[in-house]
Amino acid sequence: MRSGLFAEIVAMSWETVRGNKLRSFLTVLGIVIGITSIVGMTSLIRGFDESVRSLMRDLGPNTIFVAKFSGVSFASGARFEDLMKRPNITPADAEAIARDAPSIDIVDITFGGGGPGSQQQRVYYGNQRTKPIMVFGTSERWPFAVQLKVDSGRYFTGTEVQRRAKVVVLGQSPADALFPQRDPLGKKVRIGLDEFVVVGVMAKRPSPGGFNIGADDFVVVPYTAYAKLFGIRANDVGRGEMRSTQVAAVPREGISRETAIQQVEQVMRIRHGLRVDEPNDFDLVTQDAVLAIWDQISQASLLALVVLSSIALMVGGIGVMSIMTISVTERTREIGVRKALGARRVEILWQFLLEAVFLTLAGGVLGVLLGTTVGVGVHLTTGFPVSLPWWSFAIGVGFSAGVGVFFGMVPAFRASRLDPIEALRYE
């Protein structure tokens, strides 16, 4: 097709669309909604995704966690009944890793640090009380293992851990709830029937998306005191119970994480008496493993978004096809005149196809603008992190053009196949 003729067809198609603004807008409303959903939701999901990744990178990037089971096992398809049969993680495991894995610098044991078997308790001071929050026990090395700072006071010592001292370090939320406008250090708080002396307050933890998801709703006590408080036999390697216990191991500086993982795995396999051909009966969780699970979640979310938005695009595309079919019928005589004057089938086909593409492209551009406005508006009003990747715009415009080509083909082909004599007789 000659370039001049193609430009003429483009101009005619654009004039037809522009001459019926209201009908054109109503026709592409479904496209606008679909593209707005894609761009707006993509900006929010990507923003949240980047916020979570930043948080994971900040919290112990090289730390290796040893757990009875974790999301890594569930992601691999392991059955819950089989996971429950695994032996408990114990302080003796932490001691063995510290002793027999030379690449490890810091080792911590945590009881009740979240997940199955963790403890939710109210903490009291005078007539003040917190909502039910997580109580867990650690060694004195926990802040170094997970790279958290103490905001005021101090963390408990190794001697206090060995003596099962009743000392506690508060998260920011219980500190604010129990001691508004007061210094909590040295005060006694009550957990259950036992009193603990406050020796420190942890710094505020970052939270994904800036939301208050309870990241600071915790108090931490020596794991030996925790075991006594909740009646746990610390070195019990029993099976079939929900115990949230994990060991955190930090490699020495200059040692690769892969080397450290191999040594930790070897120590744990020897302790559990596993043969060479037997799989691990524990999980090794690293930042990469957590990020891999998060990748699956975020990709599934994006896929669900695309599927849902595609429904709106399909509805919009059907609307475009209906209106274009009506337009072909209304302009039958015009088509007959053009063919009588020498217009070829391909020129008629291109004219109607381009009208459909113009319609959906206009809807796509409008959807991109509205989706961007939605994302920016949410960020400005709530502080929710937003990311506007260039490819979401490309997908929005590309999808809308594709819908125009797909659903405009049938009416365009029908117009091109009209007999000129019959078309001129049409009333």
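The protein chain in this predicted model contains 16 helices and 13 strands. Its radius of gyration is 32 Å, well over the 22 Å that the globule rule gives for 427 residues, so the chain is more spread out than a compact globule. The C-alpha trace gives the dimensions directly: along the principal axes it spans about 100 × 60 × 40 Å. Of the 427 residues, 45% are buried. As for the contacts with a separation of 6 or more, 79% of them join residues 24 or more positions apart.

Helix α12 covers residues 287-330 and helix α15 covers residues 390-416. Their axes lie 9 Å apart, at an angle of about 30°. The cut-off for roughly parallel is an angle under 35 degrees, and α12 and α15 are therefore roughly parallel to each other. Their crossing is right-handed. On the α12 side, the contact is made by Ser 310, Leu 313, Met 314, Gly 317, Ile 318, Met 321, Met 324, Thr 325, Val 328 and Thr 329. On the α15 side, the partners are Phe 399, Val 403, Phe 407, Val 410, Pro 411, Arg 414 and Ala 415. By class, the residues of this contact of α12 with α15 comprise 12 nonpolar, four polar and one charged.

Helix α15 also packs against α14. The axes of α14 and α15 come within 7 Å and cross at roughly 150°. That angle makes α14 roughly antiparallel to α15, and the crossing is again a right-handed one. The contact of α14 with α15 involves 17 nonpolar, seven polar and one charged residue.

The next pair is α13 and α14. Helix α13 comprises residues 332-340, and its axis comes within 10 Å of that of α14, with a crossing of roughly 145°. The crossing of α13 and α14 is right-handed. Which residues make this contact? From α13 they are Glu 334, Ile 335, Arg 338 and Lys 339. From α14 they are Arg 345, Ile 348, Gln 351 and Phe 352. In terms of class, the contact of α13 with α14 holds three nonpolar, one polar and four charged residues.

Staying with α14, which runs over residues 345-382, I draw your attention to Val 374 within that helix. Val 374 has a relative accessible area of 41% and is partly exposed.

Pro 132 is found in the loop between β5 (128-129) and β6 (133-138). With a relative accessibility of 43%, Pro 132 counts as partly exposed. Neighbours within four places in sequence aside, Pro 132 is in contact with Gln 120, Gln 121 and Arg 122.

Next, a residue in a strand: Thr 245, located in β12, which comprises residues 245-251. Is Thr 245 buried or exposed? Its relative accessibility is 7%, and because the limit for burial is under 20%, Thr 245 counts as buried. Setting aside neighbours within four places in sequence, the contacts of Thr 245 are Val 66, Ala 67, Lys 68, Ile 89, Ile 109, Thr 110 and Phe 111.

Most residues other than glycine have a negative phi. Arg 164 belongs to the loop between α8 (158-162) and β8 (167-170). Its relative accessibility of 49% places Arg 164 in the partly exposed class. Gln 181 sits in the loop between α9 (172-178) and β9 (188-191). At 83% relative accessibility, Gln 181 counts as exposed.

Definitions and conventions:
Residues numbered from 1 in each chain as written. Predicted model: local features only at pLDDT ≥ 70, side-chain atom pairs only at ≥ 80, totals over all residues. Heavy atoms only, no water. Axes fitted to C-alpha atoms, helices over the stretch in contact; angles between N-to-C directions. Helix = DSSP H or I, 4+ residues; strand = E, 2+ residues; numbered from the N terminus. Parallel < 35°, antiparallel > 145°, perpendicular 65-115°, else oblique. Left-handed = near helix turned anticlockwise from the far one by under 90°. Contact = heavy atoms within 4.5 Å. Nonpolar A, V, L, I, M, F, W, Y, C, P; charged D, E, K, R; others polar. Rg over C-alpha atoms; globule rule 2.2 N^0.38 Å. Buried < 20%, exposed > 50% of the residue type's maximum accessible area, 1.4 Å probe, protein only.
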